[in-house]
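Please examine the sequence and the structure shown below. The briefing that follows is arranged by topic.

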Amino acid sequence: MAPDDRIREVAEALDRVASALRELERAGDGIPAVERNVRRMEGTLWVLRAHFEPPAGTKTP
Amino acid sequence: MPYPETEYWNPITETLDPDRLREIQLAKFRRVLAWVYERSPMYRRKYDEAGLRPEDVRTWDDLAKVPLVTKDDYRCQGTDPFPYGDTLCVPLEEVTEYHQTSGTTGTPVYQPDTWADWEWFSELWATILWAQGYRPTDRVFFPFGYHVFIAFWTAHYGAERLGCEVVPGGVLGTRERLLKMRELKTNAFMATPTYVLGMAETARKDLGADPREWGIRRITCAGEPGASVPTTKKRMQDAWGCPVYDHVGATEVGAWGFECRHQPGGQHVIESMFLVELLELDSDRPVTRPGVPGRIVITAFDRRAQPCVRFDTKDVSMWAADGCECGRTWRILEGGVHGRVDHITKVKGVLFSPVTVEEVVRSFEELDGEFEIFVEKRGDLDHITLKVELPDGLAPPDRDGLLKELASRLRWKTQLNFDIQPQPYGSLPRYQVKARRFHDLRKEGGA
């Protein structure tokens with residue numbers, strides 16, 4: 001698989017994880033144990049975005 | 001095998017086509033520029049004064065329009081939101097880590113980090129350590145006093161992130177740290193070059209042990225240029241019987257460069273996460289040709305609470321002409337960081353870098369490697385003194401011959417005549433963090 005295709009594939013999977021985190025946050029509304037851990041997981045997600053999102057975003061069509 | 005065995009932590013970004021990498025860097029630069037302009041009053045003020053709006057930066061040629069930031073720009077700290085003031089880019093409640101610079105060049109800089117920043121910083125270290133051959137099966141010792149200085153904090157978490165078993169050396173003394181390393185059979189550790197040598201010395205003299213027999217497979221250095229100074233690197237590798245790798249980073253910047261396990265004679269820049277520019281020593285014109293020294297200016301693309309954009313580190317390096325057999329496309333800074341602009345000074349009209357003295361002193365096996373340099377004015381003339389420790393029991397004519405050879409090599413390397421003052425063994429300061437061996441008393445008001 002070409003690097004750009006691989007990057008896009010990972011970036012799309014990251015989007016799905018971000019959606020799942022938002023859903024988790026909604027389900028745990030008002031529960032600090034959920035909200036705080038979601039924030040923390042968003043930190044980990046940010047690192048993966050730093051690796052893969054900008055390359056995907058600058059892909060020449 | 002429980003983990004993928006590849007050369008790279010991220011095989012995609014570490015081997016990207018250079019043109020593609022530049023395209024990504026420009027996109028990331030524009031993003032962080034907008035981020036700091038929108039969120040940090042310090043950056044907004046600076047850019048407004050320069051008549052710059054983030055959207056004015058579209059191409060690489062536009063980069064020069066963006067004002068440089070120095071430590072002086074952080075002097076606005078100490079106000080609300082306390083203590084970061086106008087440098088903070090996120091709500092204070094998102095800050096989860098506090099650290100600060102050591103303040104050796106002025107008032108300390110306060111560095112906030114969010115959870116995302118801390119993850120990012122440890123990710124940088126994971127990138128570095130993987131490239132240096134660390135793997136999840138390693139047991140890594142940290143002989144480091146965990147405190148307000150960032151130092152090896154993020155290396156600890158980077159190693160843990162990678163899957164290593166980390167052993168915090170904390171407040172233990174050197175002897176106790178060594179005993180713990182031996183007891184636990186740790187196979188790697190991280191420290192400043194000065195401390196790496198000091199630990200080997202303590203192992204030999206206080207414990208009567210040969211650290212080469214302890215099974216240490218690799219050492220990673222930070223904090224001083226020593227691990228990129230060939231004679232200092234050799235001294236450390238000989239003392240511990242394993243490769244010693246360098247890394248570069250700064251509190252305000254992050255861990256931005258590293259020597260990979262192939263030891264290419266320089267440090268790869270983590271170009272997927274940073275933009276490193278070299279500017280001429282006495283102007284802001286870019287240095288693009290290999291082999292020409294320049295000031296290192298850095299932008300951290302992905303830090304959020306207090307990212308640096310075109311931060312003038314005042315450190316000096318040069319681009320390498322060649323790549324590395326590791327296959328990374330990230331550029332290499334030859335010889336790592338050569339020293340600081342404010343340490344590279346004219347003595348008797350000759351450009352002088354203290355790192356050259358380190359290289360010479362540590363080329364003598366007879367010397368223990370400790371030294372201090374003093375430059376002062378005597379009348380109208382510059383005077384340069386080198387204090388160096390001699391081994392116990394060294395008597396004439398060996399002593400005189402050694403000093404004569406030292407003076408000769410120093411003159412050859414620096415074009416300067418040194419006033420060499422031999423000191424008893426163990427009399428010069430030992431450092432666990434950044435060593436301060438160069439004293440320009442002309443600047444410090446001492447003469």
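D238(B) counts as partly exposed, because its relative accessibility is 41%; buried means under 20% relative accessible area, exposed means over 50%, and partly exposed lies in between (1.4 Å probe, protein chains only). This residue is placed in helix α7 (residues 230-240) of chain B. The model is predicted: local features need pLDDT of at least 70, side-chain atom pairs count only at pLDDT 80 or more, and totals for chains, interfaces and linings use all residues. Residues are numbered from 1 along each chain as its sequence is written, chains are lettered from A and ligands numbered from 1 in the order in which they are written, and side-chain values use heavy atoms, with hydrogens and water left out.

**Helices and distances**

- Helices (H or I, at least four residues) and strands (E, at least two) are DSSP runs, numbered from the N terminus.
- Helix α1 (residues 3-27) of chain A contains 25 residues and spans 36 Å from its first C-alpha to its last. That span is close to the 36 Å expected at 1.5 Å a residue, where the expected span is 1.5 Å times one less than the number of residues.
- The buried residues of α1(A) are D4(A), I7(A), A11(A), L14(A), A18(A) and L21(A).
- Between D238(B) and P211(B), which stand 27 residues apart along the chain, the C-alpha atoms are separated by 9.9 Å.
- V292(B) lies in the loop between β11 and β12 of chain B, and V292(B) is partly exposed, with a relative accessible area of 25%. From V292(B) to K377(B) the C-alpha distance is 30 Å, with 85 residues of separation in sequence.

**Salt bridges**

- A salt bridge is a side-chain nitrogen of Lys or Arg within 4 Å of a carboxyl oxygen of Asp or Glu. By this rule, the count over all chains comes to 45 salt bridges.
- E252(B) and K71(B) form a salt bridge through their side chains, at 2.5 Å from N to O. This pair links distant parts of the chain, 181 residues apart: E252(B) is in the loop between β8 (247-250) and β9 (254-258) of chain B, and K71(B) is in the loop between α2 (41-49) and β1 (95-100) of chain B.
- Is E252(B) buried or exposed? E252(B) counts as buried, because its relative accessibility is 3%. K71(B), at 22% relative accessibility, counts as partly exposed.
- R295(B) and D284(B) meet in a salt bridge of 3.0 Å, N to O. This pair also links distant parts of the chain, 11 residues apart: R295(B) belongs to strand β12 (residues 294-300) of chain B, and D284(B) to the loop between β11 (274-279) and β12 of chain B. R295(B) counts as buried, because its relative accessibility is 7%.
- In the salt bridge between R378(B) and E376(B), the closest N and O atoms are 3.3 Å apart. R378(B) is partly exposed, with a relative accessible area of 45%, whereas E376(B) counts as buried at 16% relative accessibility.
- Salt bridges that share partners also join E25(A), E35(A), R36(A), R39(A) and E42(A) into one network.

**Surface charge**

- Which residues gather in a patch of negative charge on the surface? They are E365(B), E366(B), D398(B) and D400(B).
- Patches are made of residues with over 30% relative accessible area and no salt bridge: like charges are joined within 9 Å, and nonpolar side chains (Val, Leu, Ile, Met, Phe, Trp, Tyr) within 5 Å.
- D398(B) sits in helix α9 (residues 398-414) of chain B. D398(B) is exposed, because its relative accessible area is 52%.

**Backbone features**

- D80(B) and P81(B) are joined by a cis peptide bond, with omega about -10°. P81(B) is in the loop between α2 and β1 of chain B.
- Another cis peptide bond joins F82(B) and P83(B), where omega is about 0°. P83(B) is likewise found in the loop between α2 and β1 of chain B.
- A151(B), a residue other than glycine, has a positive phi near 30°. A151(B) lies in the loop between β3 (139-142) and α4 (153-162) of chain B, and A151(B) counts as partly exposed at 35% relative accessibility.
- K314(B), a residue other than glycine, has a positive phi near 70°. K314(B) is part of strand β13 (residues 311-319) of chain B and is partly exposed, with a relative accessible area of 32%.

Conventions: Areas by Shrake-Rupley, 256 points an atom, 1.4 Å probe, with all protein chains shown as cover. Lys, Arg positive; Asp, Glu negative; His and termini not counted. Charge placed at Lys NZ, Arg CZ, Asp CG, Glu CD.
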